[in-house]
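Morning, everyone. Please bring up the sequence and the model on your screens. I'll start with a sheet and then move to some rings.

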Amino acid sequence: YNPIDDQMYGISLGNAPVLYTVNTSNGAATQTTTCEGGYILGLTIDNDGRFFIIDTDIDGLCEINPATGAVISIWPADFTVNYGQDVSCDRETNTIYWAAYNADAGCSQLYSFDPMGGYTLIGAFSNQASCFAIKTVKNLNAASAPTNLTITPDPYEGLSATLSWTN
């Protein structure tokens, strides 16, 4: 899901991956572009509308241009990427998490990813992850509960008042 254009996206896995928009009312997928890259295993979109894919040819993550499918940036990992894995964005922190399968170590590992700082290993887990999602708030723009709420009646207008609060 891209919060910038309020559009659901999908990607075909494998070689010559295709990026699709997905109609959430009827499930119809519409091809938007063919993506560069190798064998693709997952897609996520951050809060800034940046598209990240898992690419086994570079053994890491790539950022792609959603309009053209062109690879913009690559971040190779220090291990061989293979088998079941997925990538997801924590909408509350805009952090990318990668449930990776490290073929060199023979295990699945959870990483956080920062395009400016690279990968941080969080820990290992026992099974490959082919579908990985992060619980997020329903509405990123929802205001927090007000504090210091003050209602000041207008001394001259019987039916009007001034409200003030802190969020």
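Four strands make an open sheet here, in the order E4-E5-E6-E7, with antiparallel pairing. Strands are DSSP runs of E, at least two residues, numbered from the N terminus. Two strands pair if DSSP finds at least two bridges between them. At the edges sit strand E4 (40–45) and strand E7 (71–76), each pairing on one side only.

This is a predicted model: local features need pLDDT of at least 70, side-chain atom pairs count only at pLDDT 80 or more, and totals for chains, interfaces and linings use all residues. Residues are numbered from 1 along each chain as its sequence is written, and side-chain values use heavy atoms, with hydrogens and water left out.

Back to the sheet. E4 and strand E5 (residues 51–55) share five bridges, in the antiparallel sense. Leu43 has Ile53 in E5 as its bridge partner.

Where do Tyr9 and Phe51 lie? The structure holds 11 aromatic pairs. Rings of Phe, Tyr and Trp (its six-membered ring) pair if their centres lie within 6.5 Å; planes under 30 degrees apart are stacked, over 60 edge-to-face, the rest tilted. Tyr9 and Phe51 are edge-to-face: 4.9 Å centre to centre, 85 degrees between the planes. Tyr9 lies in strand E1 and Phe51 in strand E5, so the pair ties together parts 42 residues apart in sequence. Tyr9 and Phe51 are both buried. Buried means under 20% relative accessible area, exposed over 50%, partly exposed in between (1.4 Å probe, protein chains only).
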